[in-house]
Amino acid sequence: MEFSSYFMILLWIFSELTTTRNAHATSVFQQTTLDVTKFGAVGDGKTDDSRAFQSAWEAACKKGTNNGKVTVPSGKTFLVYPIEFEGPCRLSSITFEILGVIVAPPKSAWMKKSADAWLSFHGVDRLIVAGNGQGVIDGRGASWWNLHVS
């Protein structure tokens, strides 16, 4: 066989290996993205979106795919009361992506609840919290600054 034939065979083998490897990578890193608005979150900054956040989290955690993502879309402000995102999840990893604004309830609402945490994650392995430089978590801290605890 001459050199050009060997070269063509090697090129074909390389092409087949690359295609197989890329197909495998796609299936391994396939991600399911669940938008909180698809679970009923309004994002007007006034409506309690806690249940929608909880439902999106539970749906993502129960998915059998390799990677899951709960996304908080940009351009909206979501009012979320104290919530615990619990594991374990069936996923290899789970991402909580904040592209919009998550705002805490006003201080007066906290007095009615017996929560000591606002947004918490418990029993979750391989959690990624991301915002790509645009997400905001507004805990309304200024209203608590003058609170004196004895």
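Start by selecting lysine 69 and glutamate 97: their side chains meet in a salt bridge, 3.6 Å from N to O. The term covers a side-chain nitrogen of Lys or Arg within 4 Å of a carboxyl oxygen of Asp or Glu. This pair ties together distant parts of the chain, with lysine 69 in strand β3 (residues 67-72) and glutamate 97 in strand β6 (residues 93-98), 28 residues apart. The structure holds one salt bridge, so named by that nitrogen-to-oxygen cut-off.

Before moving on, some ground rules. You're looking at a predicted model, in which local features need pLDDT of at least 70 and side-chain atom pairs count only at pLDDT 80 or more, while totals for chains, interfaces and linings use all residues. Residues are numbered from 1 along each chain as its sequence is written, and side-chain values use heavy atoms, with hydrogens and water left out. Helices (H or I, at least four residues) and strands (E, at least two) are DSSP runs, numbered from the N terminus.

**The whole chain**

Switch to cartoon and you get three helices and 10 strands, arranged along the sequence as α-β-β-α-β-β-β-β-β-α-β-β-β. Of the 150 residues, 31% count as buried (buried is under 20% relative accessible area, exposed over 50%, partly exposed in between; 1.4 Å probe, protein chains only).

**Strand β6**

Is lysine 69 buried or exposed? Lysine 69 is buried, at 17% relative accessible area, and glutamate 97 is buried too, at 11%.

Now select all of β6: six of its six residues are buried, so the strand is largely enclosed by the rest of the structure. Ser93, Thr95 and Glu97 point one way, and Ile94, Phe96 and Ile98 point the other way.

Which strands pair with β6? β3 pairs with β6 in the parallel sense over six bridges (two strands pair if DSSP finds at least two bridges between them). Pick glycine 68 to find its bridge partner in β6, isoleucine 94. Strand β9 (residues 127-130) is joined to β6 by four bridges and runs parallel to it; here phenylalanine 96 has valine 129 as its bridge partner in β9.

Zoom in on serine 93, also in β6 and buried at 15% relative accessible area. Leaving out residues up to four places away in sequence, serine 93 touches Asn66, Asn67, Gly68 and Arg126.

**Two loops with positive phi**

Arginine 126 is exposed, with a relative accessible area of 53%, and its phi is near 55°, a positive value in a residue other than glycine. Then hop to asparagine 132, in the loop between β9 and β10. Asparagine 132 has phi near 50°, again positive in a residue other than glycine, and counts as exposed at 59% relative accessibility.

**A cis peptide**

Select glycine 87 and proline 88: a cis peptide bond joins them, with omega about 5°. Proline 88 lies in the loop between β5 (83-86) and β6.

**The four-stranded sheet**

Next, colour β2, β4, β7 and β10: in that order they make an open sheet of four strands with parallel pairing. β2 (44-48) and β10 (136-138) stand at the edges with a single partner strand each, so one side of each is left without a neighbour in the sheet. On average, neighbouring strands here are turned by 20° against each other, direction ignored (axes are lines fitted to C-alpha atoms, for helices over the stretch in contact, and angles run from 0 to 180 degrees between N-to-C directions). Strand β4 (residues 77-79) pairs with β7 (residues 101-103) over three bridges, and phenylalanine 78 stands opposite isoleucine 102 in β7.

**Last stop: alanine 104**

Finish in the loop between β7 and α3 (107-110), where you'll find alanine 104. Alanine 104 is buried, at 1% relative accessibility. Its C-alpha atom is 4.9 Å from that of glycine 139, 35 residues apart along the chain. Beyond neighbours within four places in sequence, alanine 104 is in contact with Leu79, Val80, Trp118, Asp138, Gly139 and Arg140.

Technical notes
Contact = heavy atoms within 4.5 Å.
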